[in-house]
Protein chains: 2
Amino acid sequence: MARPRQFDEERVIRAVRDQFWDAGYAATSLEDLVRVSGLGKGSLYGAFGDKHRLFLRALREYTDTSGGYLREMLASAPRALDALRAFVMAPVDDPGGAAARRGCLMANSTYELATSDPDVLAEARRTYEATTALVAESVGRAQDEGDLPRDVDPVETARALLAAQQGLVFMGRTGLDIDTLTAAARTLADKLLPDA
Amino acid sequence: MARPRQFDEERVIRAVRDQFWDAGYAATSLEDLVRVSGLGKGSLYGAFGDKHRLFLRALREYTDTSGGYLREMLASAPRALDALRAFVMAPVDDPGGAAARRGCLMANSTYELATSDPDVLAEARRTYEATTALVAESVGRAQDEGDLPRDVDPVETARALLAAQQGLVFMGRTGLDIDTLTAAARTLADKLLPDA
DNA sequence: TGCTTGGTGGACCGTACGGTCAACAATCGC
DNA sequence: GCGATTGTTGACCGTACGGTCCACCAAGCA
């Protein structure tokens, strides 16, 4: 072993992720990445490879973290139905609406790159499948707890809930004010999760 | 007057719009625009201004055309409820799923540019407001026709329907197969428009 | 037909980008 | 302490981009 790294890899990835989140992939220059990371170009390349690989790494960090939060949130809720409601309302869980305007890094990336970048498309599908499975499991739990009717398919319901959530994310990106957005989220949750 | 234009302005705008639609704003180069339009750089600049203004023009063409179709579709339906159902199902109205993967130019642009481009953000809000108003009007009509309960707010319902539709657009962009997407769309329509 | 006016096209320009590299610095085993 | 090894830095490079410009051209008018 020789000279050790002078930076915290996780901290750098989080800083880079935030930059991509705020500005998008194409609109983020290497100079931006150097600035937010505090590293030189050479170090960045030596540690993470080129811009594309660095982006994929940051995206993976985002999906892993988000997936972890979701898993925990769904698992820790006393009643699954409440967790599902919180899942739909997640895009508006932010007083000032700043998070709503920022949106979801995975959705932003899908819209910007999915047509041209197979790696991003694959990550999108992977995340989508994993989220659907997690939500479907909670739908099943809500059925077991008597809060949702037995005759609906958990996976179908999970896909509908995910679509509703992502639709709210989109409306947040258009700059819709947080109160109106919250009302829309409530309407969707009430209709899709009738017994709440 | 001197030498007249040798191209059809509308045709050029549509070609440019399709290019931006397929590749996005940043990923479309001036060379691409020259290729799909058949014009030289000078002509393009002389007729439409720079890349940004040309993009806004193409985006406006898209929103005007889409808005026109929507207005017509909603107005011509014998029962408003059927039209609302068609509105939600629109993202999957495409046998091969190609249109679903392409998504909606306005949504694509919002995700790519709304944070940094005030003009695009304004166009997004304008389109969003107009669509909400059109859909809300049809919700009111469906209430008058006895197909939707009287106690729901038309504008709230319209926003929920729009969110559901845009959520489906997102799922289409992730490459979800058209059959699964159609099933999700049906679930959403059934829940949000109960008496269909 | 020659003059004027606006359209056309592509050569050309400055710049900012992603990426490379070589010189230097810091740590470890010996 | 010294060499080996790896990390760090920023100057540097080639390229592709958006945008400009100018020489040429076609139509209308006298």
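**Notebook: one helix and the chain contacts**

I first noted that the buried residues of H1(B) pack against helix H2 (30-37), helix H4 (51-76), helix H6 (98-102) and helix H7 (105-113) of chain B. I take helices as DSSP runs of H or I with at least four residues, numbered from the N terminus, and I call a residue buried if 20 or more other C-beta atoms, placed from the backbone, lie within 10 Å of its own.

This is a predicted model, in which local features need pLDDT of at least 70, side-chain atom pairs count only at pLDDT 80 or more, and totals for chains, interfaces and linings use all residues. Residues are numbered from 1 along each chain as its sequence is written, while chains are lettered from A and ligands numbered from 1 in the order in which they are written.

I then listed the buried residues of H1(B), which are Val12(B), Val16(B), Arg17(B), Gln19(B), Phe20(B) and Trp21(B). After the helix comes Gly24(B), with a positive phi near 90 degrees.

Turning to the interface, I found 36 residues of chain A in contact (C-beta atoms, placed from the backbone, within 7 Å) with 36 residues of chain B. On the side of chain A that touches chain B, H9(A) gives the most, with 13 residues.

I also looked up the superposition, made by least squares on C-alpha atoms of residues with pLDDT of at least 70 in both copies: chain A can be laid on chain B with an RMSD of 0.0 Å by a turn of 180 degrees and a shift of 0.0 Å along the axis. The two copies are thus related as by a two-fold rotation axis.

Conventions. Buried ≥ 20, exposed ≤ 12 C-beta atoms within 10 Å, placed from the backbone. Helix = DSSP H or I, 4+ residues; strand = E, 2+ residues; numbered from the N terminus. Contact = placed C-beta atoms within 7 Å.
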